[in-house]
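Please have a look at the structure below before reading on.

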Amino acid sequence: VQLVESGGGLVQPGGSLRLSCAASGTIFSIKDMNWYRQAPGKQRELVATISSGGSTDYADFVKGRFTISRDNAKNTVYLQMNTLKPEDTAVYYCEANVQVTIAPRWEYYWGQGTQVTVSS
């Protein structure tokens, strides 16, 4: 299974970006899909999560600014980021809980990360 993120880049404070993460390979189903971020010198932290049914949850520091969504037909998760702040600068990673065989067992997979830089 491969997870490939895209959509990162440089944006001014107050701007917006939309991240995408597409899962490919042998996939029977995907449970939760998550976005994490890691800033230089800091631990990786959970940003947002979405269940297979569409239930979402957010870290307090992005509530009201970021929106997570998914397209189950495309095995893709998105993160719409609005009103970006310099402190949002980090490498953003997606994670997916994937069933890779017919057996009812799921494993977590990570993407390689995409850089988001918020600066004027």
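How many disulfides does the structure hold? It holds one, a disulfide being a pair of cysteine sulfur atoms within 2.5 Å. This is a predicted model, where local features need pLDDT of at least 70 and side-chain atom pairs count only at pLDDT 80 or more, while totals for chains, interfaces and linings use all residues. Residues are numbered from 1 along each chain as its sequence is written, and side-chain values use heavy atoms, with hydrogens and water left out.

The bond runs from Cys21 to Cys94, with an S to S distance of 1.9 Å. Because Cys21 sits in strand E3 and Cys94 in strand E9, the pair ties together parts 73 residues apart in sequence. Strands are DSSP runs of at least two residues, numbered from the N terminus. The S-S torsion of Cys21 and Cys94 is about 45 degrees, so this disulfide is right-handed. Both ends are tabulated here, where buried means under 20% relative accessible area (1.4 Å probe, protein chains only).

Now to the core. The largest nonpolar core has 31 residues, and Trp35, Leu79, Met81 and Tyr92 touch the most other members. Such a core is a set of buried Ala, Val, Leu, Ile, Met, Phe, Trp, Tyr and Cys residues joined through side-chain atoms within 4.5 Å. E9 gives the most to this core, with five residues. Beyond its neighbours within four places in sequence, Tyr92 is in contact (heavy atoms within 4.5 Å) with residues including Trp35, Leu79 and Met81.

Technical notes:
Helices (H or I, at least four residues) and strands (E, at least two) are DSSP runs, numbered from the N terminus. Buried means under 20% relative accessible area, exposed over 50%, partly exposed in between (1.4 Å probe, protein chains only).
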